Amino acid sequence: MKTLLHLILVFFVGILSAQESFVIKDVTLFTGEKVIKKTSVYIKDGIIVKVAPTISTEATVINGNGKFLMPGMTNCHVHAWAPNALTEAAQAGVLNLLDMHGVEPYQKMMKSLKDSTDYARFYVAGYAATAPEGHGTQYGFPVPTLTKPEDAVKFVEDRVNANVDHIKIIVEPWKPTLSHEIVKAIIKEAHQKNKKVVVHISKVEDAYQVLNNNADGLVHIWTDKRMKDDLLTELTNNKDFFVIPTLLTNILVQKLYFKKSDEETAKVEQFLKKEIKRLYDAKVPILTGTDPPNANINHGTDLYKELILISEAGVPNLEVLKGATSYPADRFNLGKIGYVKEGYIADILLLSKNPIEDIKNIETIESIWKAGKEIQPKK
Ligand SMILES: [Zn+2]
């Protein structure tokens, strides 16, 4: 009996250590920057310790021949109200969620789940900055509001004290909204506290204003009209910013909330795709986000649809993948994730087909590891 127990114990310890240390061999690798054909990746204790064509080690070998390996993905615009959203994301290979307006005490609890394979990591804005009665105040929880530029100091201080990761501002003129003077003051204050600032806009004029006032990025793309060439050129010459267009969301809300016809929705989609392509051509990084649970979008697999739409807009697939992996890590200072490189956290996805050849292959995720530990993909 004792021997049997011992054997069982050895067996389980064997499984555990096998998971801790393994090599994925002869795989096509997207590193977060570029593609390397037929290489191998050695993972030990949750870290990528080596990337090379041949690796000699005692570790378990996973045959990656004909398969594709890439970094775990990030959804850069979500609202998550409970931990099940983080589980849904993790099981789809979306290992990081960036919240853009939520209840700070809940967020604190959800952030503490970051080291579990049952959940995606959660990065938060805390409460978004908005005006009294403004967009963001209608969800049934109390939200701090700002009425003058001087309010920016306390607003940012409170968010920093609540341990937020970034600052989110709402400029949405369908309701009372913040003036650009107030927005400018928040951005300045947040930058002094080393926080990135992203802004919700829906109009091109607001997009121009907030980027000109040094916002780091937009969490939606404008939907009203084309940005004039000279304004886009002026912005891209003088400012360093990114856009999370939330194309899927923008398309779905046309029908669901604005009751637009299929034909009208298709027109909006074409317009938005053109604007995204213009941004890409102007070298603006396009990051992936879907704004769940708005428009009934889920926190997991629906991100694939956004990648497909951005690809359809004319953004090359390599660039689409960067927008879901390395760009979010760089732009939001997420640390050693978003790349498959030596010294980085082993957040990796193994796919049976190559999404650079066809972006729809992003749906072929076979295996997911978060910090070197396997997560069962949802079937
Ligand atoms: Zn949102």
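Predicted model: local features only at pLDDT ≥ 70, side-chain atom pairs only at ≥ 80, totals over all residues.
I started at helix 8, where L247, L248, T249, N250, I251, V253 and Q254 come out buried (under 20% relative accessible area with a 1.4 Å probe, protein chains only; over 50% would be exposed, in between partly exposed). Helices here are DSSP runs of H or I, at least four residues, numbered from the N terminus.

Residues are numbered from 1 along each chain, and side-chain values use heavy atoms, with hydrogens and water left out.

Back to helix 8, residues 247-256: seven of its ten residues are buried. I looked up what covers them, and helix 9 (262-281) and helix 10 (302-312) are among the answers.

Next, the zinc ion. Which protein donors does it have? I found H77 (NE2), H79 (NE2) and D291 (OD), at 2.0 to 2.3 Å; donors are N, O and S atoms within 2.8 Å of the metal (3.2 Å for Na, K and Ca), and with no water among the atoms a site may look incomplete. Their spacing along the chain reads H-x1-H-x211-D. H77 counts as buried because its relative accessibility is 1%, and H79 does so at 9%.

Of its 83 residues, M73, I169 and I186 touch the most other members. I also noted a second, separate core of 15 residues, including I43 and Y344.

Methods
Helix = DSSP H or I, 4+ residues; strand = E, 2+ residues; numbered from the N terminus. Contact = heavy atoms within 4.5 Å. Core = buried A, V, L, I, M, F, W, Y, C linked by side-chain atoms within 4.5 Å.
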